[in-house]
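Me: I've got this one open on my screen. Walk me through it, and keep it brisk.

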Amino acid sequence: MSAATAAGRRSGAPRQGRRPGALERRTSRFGWFFAAPAVALFGFFFAYPLVASLMQSFQVTQDGVAGFGGLANYEKLAGDDLVWLSLMNAGILLIFQVPLMIGLALLLAVVLNQSWLKFRTTFRMIHFLPAVTTLVAYSLVFRVMLQADGGVINQLIGVVGIPPIDWLNNPFWARVALIGSITWRWTGYNMVLLLAGLQGIPREQYESAALDGATGWRTFRHVVVPQLRPVLIFTSITSTIGALQLFDENFILTGGGPSNATLTPVLYLYRVGFRQFDFGYASAIAWLLVLVIGIFSIAQYWLMRDKEA
């Protein structure tokens, strides 16, 4: 026996290939005991519904009896105009609302990060308050404010001579109203995340940029934005997922109308599943949405990643 082996055995170091002792087995059992509630909740509320919905997407209902239908539901998706219309509406939200919201959040974060600004804490709280309001409550408030007759918004624009706008019954203005309400709700949330990223940038980097003669815009472009890239990627991807999964706001504000102008995939899924009771086709729509979200998330990460790294 070598001296190193003898020393290892005397110190209690585990030997390679030996069977675990009673203490190790007991520790492992205790670990699984404490992890069991989390594992059970994950399996019951996430893993099981995920697998069940995937299996259900291959089922079709005929004469009130559900049975295996192969790819019938997915073939039906290809010819369903409402599916593609809902995806187009979600794409419009994604193209216009997400950049607008992230841009405003970044602007507010930069302003609220300035040392010369007084009452910064108060302003941060005010801008974050919409993020803690309930979705149903703020949607109902916006619905009242956007009424064509007597709504607060039409009263305000009437002061400057603009005629009343039928916000919720005109396809174009309904989309504008939806974009505005979502932007109001989530800008403060993204602002807090970006503000945390800004406060994590060392002051020395700003001072070094100033010594090199960098202007405010060049400092922002070459110092701030690269440091904020991880936060920008996170906020962009989560905002994209939120836009593609939109349900509460358009369900309460417009009900998907007018003329399905604000119909989104999740709202259409709700109609198919809980009004037509075609849960197999609704599950297929859900998995199509999962695929679309995955593609957009990967594309955003690839476009915004640090190419030098």
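Reply: A definition to begin with. Buried means under 20% relative accessible area, exposed over 50%, and partly exposed in between (1.4 Å probe, protein chains only). This is a predicted model, where local features need pLDDT of at least 70 and side-chain atom pairs count only at pLDDT 80 or more, while totals for chains, interfaces and linings use all residues. Residues are numbered from 1 along each chain as its sequence is written, and side-chain values use heavy atoms, with hydrogens and water left out.

Me: OK. Phe119, buried or exposed?

Reply: Phe119 counts as exposed, because its relative accessibility is 62%. It is in the loop between α4 and α5 (120–132). Helices (H or I, at least four residues) and strands (E, at least two) are DSSP runs, numbered from the N terminus.

Me: What about the phi of Phe119?

Reply: It is positive, about 55°, although Phe119 is not a glycine. Most residues other than glycine have a negative phi.

Me: Which other residue has a positive phi of about 55° without being a glycine?

Reply: Ser259 has one. Ser259 lies in the loop between α11 and α12. It is exposed, since its relative accessible area is 68%.

Me: What is the peptide bond from Gly257 to Pro258 like?

Reply: That bond is cis, with omega near -5°. Most peptide bonds are trans. Pro258 sits in the loop between α11 and α12 (265–274), and Ser259 is in the loop between α11 and α12 as well.

Me: Switching to charges. How many salt bridges does the structure hold?

Reply: It holds 1. A salt bridge here is a side-chain nitrogen of Lys or Arg within 4 Å of a carboxyl oxygen of Asp or Glu. The partners are Lys76 and Asp278, at 3.8 Å from N to O.

Me: Where are Lys76 and Asp278?

Reply: Lys76 is in helix α3 (residues 72–78), and Asp278 is in the loop between α12 and α13.

Me: Is Asp278 buried or exposed?

Reply: Asp278 counts as buried, because its relative accessibility is 18%. Lys76 is partly exposed, with a relative accessible area of 44%.

Me: What lines the largest cavity?

Reply: Asn89, Ile92, Leu93, Arg175, Leu178, Ala261 and Thr262 do. α4 gives the most, with 3 residues.

Me: And the largest pocket, what volume?

Reply: About 310 Å³. It is lined by 17 residues, and the closest to its centre are Trp186, Thr238, Ser239, Gly242 and Ala243. At least two lining residues come from each of α4, α8, α10 (216–244) and α11 (248–253).

Me: How much space lies in the second largest pocket?

Reply: About 210 Å³. Its lining is Phe46, Pro49, Leu50, Ser53, Ser283, Ala286, Trp287 and Val290. Here α2 (22–56) and α13 (279–304) are the elements that give two or more residues.

Me: How far apart are Asp63 and Leu77?

Reply: C-alpha to C-alpha, 21 Å in space. In sequence they are 14 residues apart.

Me: Last one. Where is Leu193?

Reply: In helix α8. Leu193 is partly exposed, with a relative accessible area of 25%. Its C-alpha is 26 Å from that of Ala214, which is 21 residues away along the chain.

Note on methods:
On a 1 Å grid over the protein atoms alone, a cavity is a set of points where a 1.4 Å probe fits but cannot get out, and a pocket is an open set with protein on both sides within 12 Å along at least five of seven lines; lining residues have an atom within 4 Å of a point. Grid points are joined across faces, edges and corners, and a volume is the space filled by probe spheres set on the points.
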